[in-house]
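Here are my notes on the model, as numbered points. They take up the contact between domains, then the relation between the copies.

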There are 2 protein chains.
Amino acid sequence: MITFDDFKADGKLPVYQQILDYIKRGAVAGTVADGDELPSRRVLSARLGINPNTVQKAFALLEEAGLIESRAGSGSVMTLSAEKLEQLKAELLEEEVLGMVRVLKQTGLDADGAADLIRKYWEEA
Amino acid sequence: MITFDDFKADGKLPVYQQILDYIKRGAVAGTVADGDELPSRRVLSARLGINPNTVQKAFALLEEAGLIESRAGSGSVMTLSAEKLEQLKAELLEEEVLGMVRVLKQTGLDADGAADLIRKYWEEA
DNA sequence: GCAACTGTATTAGTCGAATAATACGCTTTT
DNA sequence: AAAAGCGTATTATTCGACTAATACAGTTGC
């Protein structure tokens, strides 16, 4: 069961998008695996303090992306193949890291300075 | 004159916020300096293809933050002291880099892997 | 002085994210 | 079979970002 214990909304992106990101990053990290069950829409919305419809939207998008399967009565489970995992990892690194690099470049850093900076802040996160 | 030539809205954040970020990052990078003039609200909104009121909101926030000064008839100019610059740099690195590191950590990377990844993607941005 | 710019202010409307309240049908459990 | 929990669907409302149109006041330059 995916607990969502370390999920924390930051307000910068729509909550349903943050749920998608949370699941995708967890899949890449290995903390979310094929066959893992997800909390029900009602339970998760109560746990996160958000509206059931917001969770529903996130889960609907996850299903559309082929990452979960849902059946009324049962719950929702992760459906992660090796190919999907590779695809997810590539997408994440492409989007996130490139976005980060753009910001760092705009502040006038070079590659070595950026790499050093990452190491410096690695502990505090 | 700050040209906003390399400004590109990406839709993930409110446009007025992206303008704020653009100016702040430019200030940290040194491409935006004390005394630099900004395009007028009307000119900039036309150049970026957005509503004048959106630019107005961004400029109002910049003025509130003490980063620009505006006078009707003249335009708006940057007002950057050394202390403000230091403060800006600290804020940017704290927020942006820590945010990045959190994402990379969640994908299961370690500090060295992240640093290598930054170098790898540095060229493509 | 007057035109052509500036910044500033107000009001109304659109759109998407999120909330809220229900309702219905399916599956599991007892 | 019945209850409880599940996914799913619908409609209405709130809120902020953004657009739109317009008006007014100050500065610059001819």
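1. Across the interface of domain 1 of chain A and domain 2 of chain A, one salt bridge is found, the rule being a side-chain nitrogen of Lys or Arg within 4 Å of a carboxyl oxygen of Asp or Glu. A:Arg25 and A:Glu96 form a salt bridge, with 3.2 Å between the closest N and O atoms. On the side of domain 1 of chain A that touches domain 2 of chain A, four residues are nonpolar, two polar and two charged.

2. This is a predicted model, in which local features need pLDDT of at least 70 and side-chain atom pairs count only at pLDDT 80 or more, while totals for chains, interfaces and linings use all residues. Residues are numbered from 1 along each chain as its sequence is written, chains are lettered from A in the order in which they are written, and side-chain values use heavy atoms, without hydrogens and water.

3. The domains of chain A span 15–80 (domain 1) and 83–124 (domain 2), with bounds from an automatic or database domain assignment. Their centres, taken over C-alpha atoms, are 26 Å apart. Eight residues of domain 1 of chain A contact six residues of domain 2 of chain A (heavy atoms within 4.5 Å).

4. Chain A can be laid on chain B by a turn of 180° and a shift of 0.0 Å along the axis, with an RMSD of 0.2 Å (least squares on C-alpha atoms of residues with pLDDT of at least 70 in both). The two copies are thus related as by a two-fold rotation axis. A:Ala115 is the residue of chain A that comes closest to the rotation axis, at 2.3 Å (C-alpha).

How values were computed:
Nonpolar A, V, L, I, M, F, W, Y, C, P; charged D, E, K, R; others polar.
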